[in-house]
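Please examine the sequence and the structure together.

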Amino acid sequence: MSRILRVASYNVHGCRGSDGRRDVARIVRILREIDADVIGLQEVESRHGRSEVDQAERFAAALGMACIEGPLLHHAQRGWFGNALLTRLEVQAVRRVLFDSYGGEARGAIVCDLMAGDGTCWRVMTTHLDLRSRHRRRQFATLLDQLVPSPRQPTVLMGDFNEWWSRSRGLATLKDHAQLPPSPPSFPSWLPALRLDRIALSGCRLQGGVRRHLTPLTRRASDHLPIFADVVADPGNATVAPTDREMRAAAVSAGVPR
């Protein structure tokens with residue numbers, strides 16, 4: 001039987017809270033409380049003048065997790081800003097997707113193949129989509145090729161979709177290819193009204209619903225609330241562990257450090 005995998009998504013807003021403070025430690029505390037196996041993060045900061053530390057690396061070190069950075073803005077000397085993925089699972093392959101910006105803000109996604117202890121190979125994706133609906137539709141289209149890589153591979157897509165309307169064309173397209181369970185309002189954190197943060201599934205199912213972590217601390221720590229869900233691979237539908245040779249080939253092709 002496949003074990004339950006807890007996944008979480010959190011737009012940390014550069015660790016800048018509603019009180020104006022930039023506090024990495026309280027984000028770490030929140031992530032510990034959620035206790036997820038895989039965490040997708042958006043608006044992670046390490047640029048000098050905006051953060052004193054590489055926030056993603058600090059989260060990973062504090063939680064004892066592997067860190068995959070997904071820079072959307074990057075400067076060799078000044079640091080980076082963008083998405084990150086933290087995981088307790090073994091990293092098999094990584095792909096970083098940078099969407100066409102069409103003159104707007106840089107947006108993208110991280111696509112990871114992760115090996116669970118029960119031998120299930122998961123694909124987990126985290127993203128932060130554009131504020132403009134026409135751009136989001138193009139970005140959803142780009143993600144769909146990665147969302148269903150194989151009918152046997154359990155896949156989770158999570159992030160800040162920036163879709164406030166449940167009947168949007170972007171979400172409708174996503175629903176044609178994946179399950180999109182109801183998500184609780186997560187923005188703004190101090191008075192959540194909009195369902196911007198979501199989790200979509202393919203080849204797996206929820207154990208319970210998508211939940212938000214709503215506490216006095218999460219109301220202050222960022223402008224978004226974190227969301228999380230417990231998922232399990234569908235019986236008889238999960239990709240089995242690849243051979244050592246397949247694993248090495250996948251890692252080399254994706255540029256994963258060994």
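Two strands pair if DSSP finds at least two bridges between them; helices (H or I, at least four residues) and strands (E, at least two) are DSSP runs, numbered from the N terminus. By this rule, strand 7 and strand 8 (residues 155-160) pair in the parallel sense over six bridges. The model is predicted: local features need pLDDT of at least 70, side-chain atom pairs count only at pLDDT 80 or more, and totals for chains, interfaces and linings use all residues. Residues are numbered from 1 along each chain as its sequence is written, and side-chain values use heavy atoms, with hydrogens and water left out.

- Strand 7 spans residues 121-128, and eight of its eight residues are buried (under 20% relative accessible area; exposed is over 50% and partly exposed in between, with a 1.4 Å probe and protein chains only).
- In a regular strand, side chains alternate between the two faces of the sheet.
- Cys121, Arg123, Met125 and Thr127 point one way from strand 7, while Trp122, Val124, Thr126 and His128 point the other way.
- Strand 6 (residues 108-115) pairs with strand 7 in the antiparallel sense over eight bridges, and leucine 114 has tryptophan 122 as its bridge partner.
- Five residues lie between the strands of this hairpin, where glycine 119 takes a positive phi near 90°.
- On the strand 8 side, glycine 159 stands opposite threonine 127.

**Backbone exceptions**

- Most residues other than glycine have a negative phi, and most peptide bonds are trans.
- Cysteine 15 has a positive phi of about 65°; this residue lies in the loop between strand 1 (5-11) and helix 1 (24-34) and is buried at 0% relative accessibility.
- Glutamate 43, in strand 2 (residues 38-45), has a positive phi of about 55° and is buried, with a relative accessible area of 17%.
- Phenylalanine 187 and proline 188 are joined by a cis peptide bond with omega of about -10°, and proline 188 lies in the loop between helix 4 (169-175) and strand 9 (197-202).

**Enclosed space**

- A cavity is a set of points, on a 1 Å grid over the protein atoms alone, where a 1.4 Å probe fits but cannot get out; lining residues have an atom within 4 Å of a point.
- There is one cavity of 30 Å³ or more, and the largest cavity has a volume of about 40 Å³, volume being the space filled by probe spheres set on the points.
- The lining of the largest cavity includes Glu43, Phe81, Arg107 and His128.
- Strand 4 (residues 79-87) gives the most to this lining, with three residues.

Definitions and conventions. 1 Å grid on protein atoms, 1.4 Å probe; cavity = no way out; pocket = protein on both sides within 12 Å on 5 of 7 lines; lining within 4 Å.
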